[in-house]
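User: I am new to this structure and would like to go through it step by step. Could you start with a term that I will need?

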Amino acid sequence: MECLIPPTVLELARRARAVTVLTGAGMSAESGIPTFRDPATGLWSRFDPMSLASQDGWEADPELVWAWYAWRVGRVRSVEPNAGHHALARWAQRDDVRLHIATQNIDDLHERAGSEVLAHVHGSLLAFRCSVCQEPYQAPIEVPAEPVERLEPPVCDCGQYVRPGVVWFGEMLPQGAFDAALDACLEADLVLVVGTSGIVYPFASLPDIARGHGVPVVEINPEETNLSDHVDHIWRASAAAALPALVEALGN
Ligand code: BJW
Ligand code: ZN
């Protein structure tokens, strides 16, 4: 289906020489990865993602939390980057623009589309490490064919459980990740915010900070979000429709 580009957004994209794209779960939705706050289906509908994605949740029941992450590893492995991921990779290849991506997503779909990601501010699902000594865990991760409710996590050489390399609530972001995203927003002449509800901080503060420095901010999202009142332009469209349309309209 044709995707109509708001003329001001197209003009901003045409003029921009430094573009920073901030992405959230909606970026990967059309690849088949459920967003974080979508109502869950199946086995996981009985559990609250906010509790599972927390140190308290892990400490209370590591087998439950590991089973949830193992299921998500299976989902990420089985899907492909969508047209939106590919469009950003193509845009970054242009000689007339520097394009940075800072993502909250813990999947590797930007990279698999050919993009270099400046910052994974909430970590990477596939970068497993020991939950106690923090040593990276390199052995293959087994994913059950069918989702299960409990699964024992792998064990590190030190005898403690291995955890996913993601950032849970109350945890610090990976060293340097937020600063890199912030610098990229401040040096941009266009910030695109794609597929995030803008609920989680400090990432959600980036659009406001960019605007405070005079950088125009565009939201691409089919729904209203916490950020909608804090951006310059709103484009109500999905990532996989809007981004290819925009990059195509830029021409060669
Ligand atoms: C589409 C679409 C399509 C659908 N196309 N769009 C300041 C104020 C208040 C609280 C805090 C604050 N600073 C820090 C906090 C506390 C906390 C926080 O933010 N709490 C809020 C809930 C209020 N933040 C933290 O704890 C952070 N750490 C921190 O600040 O450290 C410093 C510190 C430490 C100790 C004490 C004090 C300070 C860490 C946050 C970690 C977040 N981790 C998670 C889980 C990761 C692992 C996992 O996935 O399991 O990250 S939470 C979860 O939310 C995940 C996501 O990255 C994140 C954001 O979600 P996102 O991407 O926005 O997804 P959704 O589902 O919410 O929205 C999807 C959107 O897509 C929707 O808008 C749809 O419409 C749209 N959409 N289809 C385009 N096709
Ligand atoms: Zn260890």
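Analyst: Helix axes are lines fitted to C-alpha atoms over the stretch in contact, and the angles between N-to-C directions run from 0 to 180 degrees. Please keep in mind that this is a predicted model.

User: How do helix H6 and helix H10 cross, and at roughly what angle?

Analyst: Helix H6 spans residues 83-92 and helix H10 spans residues 239-249, and their axes come within 7 Å of each other, crossing at roughly 25°. That angle makes H6 roughly parallel to H10, since angles under 35 degrees count as such. The handedness of the crossing is left-handed, and the angle asked for is roughly 25°.

User: Which arrangement do the four donor atoms form around the zinc ion (ligand 2)?

Analyst: The protein donors are the SG atoms of Cys 130, Cys 133, Cys 156 and Cys 158, which lie 2.3 to 2.4 Å from the zinc ion (ligand 2). Along the chain these donors follow the spacing C-x2-C-x22-C-x1-C. Four donors count as tetrahedral if all angles lie between 85 and 135 degrees. Around this zinc ion the donor atoms subtend angles of 105 to 123°, so the arrangement is tetrahedral.

User: How many disulfides does the structure hold?

Analyst: A disulfide is a covalent bond between the sulfur atoms of two cysteines. The number of disulfides in this structure is zero.

Technical notes
Residues are numbered from 1 along each chain as its sequence is written. Chains are lettered from A and ligands numbered from 1 in the order in which they are written. This is a predicted model: local features need pLDDT of at least 70, side-chain atom pairs count only at pLDDT 80 or more; totals for chains, interfaces and linings use all residues. Side-chain values use heavy atoms; hydrogens and water are left out. Donors are N, O and S atoms within 2.8 Å of the metal (3.2 Å for Na, K and Ca); water is not among the atoms, so sites may look incomplete. Four donors count as tetrahedral if all angles lie between 85 and 135 degrees; four count as square planar and six as octahedral if opposite donors are over 155 degrees apart and all others between 65 and 115; anything else is irregular. A disulfide is a pair of cysteine sulfur atoms within 2.5 Å. Helices (H or I, at least four residues) and strands (E, at least two) are DSSP runs, numbered from the N terminus. Angles under 35 degrees count as roughly parallel, over 145 as roughly antiparallel, 65 to 115 as roughly perpendicular and the rest as oblique. A crossing is left-handed if the near helix is turned anticlockwise from the far one by less than a right angle, and right-handed if clockwise.
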